[in-house]
Each structure stands twice: as structure tokens, then as C-alpha cells.
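Open the model in your viewer and keep the sequence beside it. The stops below can be selected one after another.

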Amino acid sequence: MRILVSNDDGVYSPGIAALAAVGAEFGEVRIVAPDVERSSAGHSITSSIPLTCKHTPLAVDAYRVNGTPADCVALGMTQWGRVDVVLSGINLGSNLGNAMWHSGTLAAAKQGALMGARGIALSIPAPTDEPDFKALGPAVREVLKLLLPEQALRLVNVNFPHEHPKGIRWTRQSVRLYDGKVVAGHDPMGREHYWFTVQPITETEDGTDRWAVEHGYVSVTPLRLDLTDEPALARRASASAEPAPTD
Ligand code: MN
């Protein structure tokens, strides 16, 4: 199995080293990741400047790219040829609920899925200290053992809890509230500026990714690539099928 490993925290993040180390137990691993942190880059791609791809001495075969997470996966898959699975992470910070829309970690896995591989994004909370990736190793191994044989799963979003996980839960994306909030402040020169931040969400629905992580489980959310609102499409289609009024 050929496994391309990427992230949005940059090629030197401890999270990508931890993921590549466990991934190497399951197949041939190559890292292709951004040369600097590109968190919250979403699925942006670089179309106006050329990309460079430089060999990088790490424990596994690794390259760094002056691009976004999606660039890295597109470039890595094109250069390497056949890739079976793209693993992205392990991100320093959860990617739960609506954070999936701006997550660069998930975008890297999604780019893999769009190009015909399977994509798995993995994240862990990192509120203050760096997570203990050595202690997390067995949980990462369990998740990969569960997901790698599942050929039908094209894109999966995995979130680890902060503490040692109690188990794994299959979940859906929490979408009730958006956690984006822009806070005004002042810089040292007294000029007004704004920081994009999060707003704590108090209400958590059972069965969602956020619920699982808050209750100490690994959250595993299968995702689809087709964003079509099926009920809305069906309503419009049936409305259009009605005979036109005659007079
Ligand atoms: Mn990140």
C-alpha cells in the first residue's frame, strides 16, 4: 500500500512525524507537506506562482513544498504515481463540526480523495502544550487498522480526544452552530485590528463528532465529496415536473 502523508502544520510538525511513523507499519510512506504552517488554508490551491518540491531529511522519505496542503497532495500524487491512501495530520488542533470547511488538514485528505485515492484526516486538541504523540501511537494504530481496509470509505475525518481515548465512535458532523467569531482589539500603535477566533459552543448534540471528543472518544466521521442538497434538488425536480398551467 502506498501512503502519502501530508498536513497543514508544516513538514517539521511533530504531528506529521508521529503519523508517518505509524503509517509506515501499514505500507510504503512518503511525506509531502508545506514548508511552513498553512493552518486554516482550507482547500486553496496555488495557481499564480510555480511550486518547488525539496527533499527533506526526516525519518521517512520526505519533501517540502512552498504551497498549500492541497497543492502538496496534488503534487505528491502526480510525482509518485499510484497512491492508495492520503493521511493528513496529525493536526495540532481539533477539526470538528464547521471547522471542516476551513481545515487545511481535511483539505489535504480531500484532495487525495478527489484524485482517486482514499483520504483520512487526523487531528488532536492542542490547547497549550504539544500533545504526547508517543502515548497517542496505539490509538493512531487502532484507527488505521480500522479504516485502511475499508475500501468504500473515500474520505474520513478523525479527531482524537485530549486524554487517553475510551474507544472509537462513528459520528456525524456537528453543524448546529458555527464557532467563528471576530474580536476587535488594538495594536501597540493604538490602531484597531481584528482577530478571528472561536466562540465556545455549549450545546453538543449526541452522536456528533464534537460529542464524541468531549466524552473522551475518538471521533470517526465518514464524509462525502458531493455537497448537493438532495432534498432541495428533489423538491425542485418534482416542482419542475408538474405540468405547466394552461389557459
Ligand atoms: Mn493545522
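**Stop 1: Thr221**

Select Thr221, which counts as buried because its relative accessibility is 1%, and buried means under 20%. The model you are looking at is predicted. Thr221 sits in strand β11, which covers residues 218-223. Show side chains here: that of Thr221 makes a polar contact with the side chain of Thr171, at 2.7 Å. Now display what surrounds Thr221. Beyond its neighbours within four places in sequence, it is in contact with Met100, Leu155, Val156, Asn157, Thr171, Arg172, Gln173 and Asp209.

**Stop 2: the manganese ion**

Go next to the manganese ion. Which atoms coordinate the manganese ion? They belong to Asp8 (OD), Asp9 (OD), Ser39 (OG) and Asn91 (OD1), at 2.1 to 2.2 Å. Along the chain, these donors follow the spacing D-D-x29-S-x51-N. Within this set, Asp9 and Ser39 link distant parts of the chain, 30 residues apart. Asp9 lies in the loop between β1 (2-6) and α1 (14-23), and Ser39 in the loop between β2 and β3. Colour the two by accessibility: Asp9 is buried, with a relative accessible area of 13%, whereas Ser39 is partly exposed, at 31%.

**Stop 3: two backbone details**

Select Ser40, in the loop between β2 (28-34) and β3 (53-55). Ser40 is not a glycine, yet it has a positive phi of about 65°.

Finish at Ile90, in strand β5 (residues 85-92). The peptide bond leading from Gly89 to Ile90 is cis, with omega near -10°.

Technical notes:
Residues are numbered from 1 along each chain as its sequence is written. This is a predicted model: local features need pLDDT of at least 70, side-chain atom pairs count only at pLDDT 80 or more; totals for chains, interfaces and linings use all residues. Side-chain values use heavy atoms; hydrogens and water are left out. Helices (H or I, at least four residues) and strands (E, at least two) are DSSP runs, numbered from the N terminus. Buried means under 20% relative accessible area, exposed over 50%, partly exposed in between (1.4 Å probe, protein chains only). A polar contact is a pair of N or O atoms within 3.5 Å; within protein, one must be able to donate a hydrogen and the other to accept it, and residues adjacent in sequence count only if both atoms are side-chain atoms. Contact means heavy atoms within 4.5 Å. Donors are N, O and S atoms within 2.8 Å of the metal (3.2 Å for Na, K and Ca); water is not among the atoms, so sites may look incomplete.
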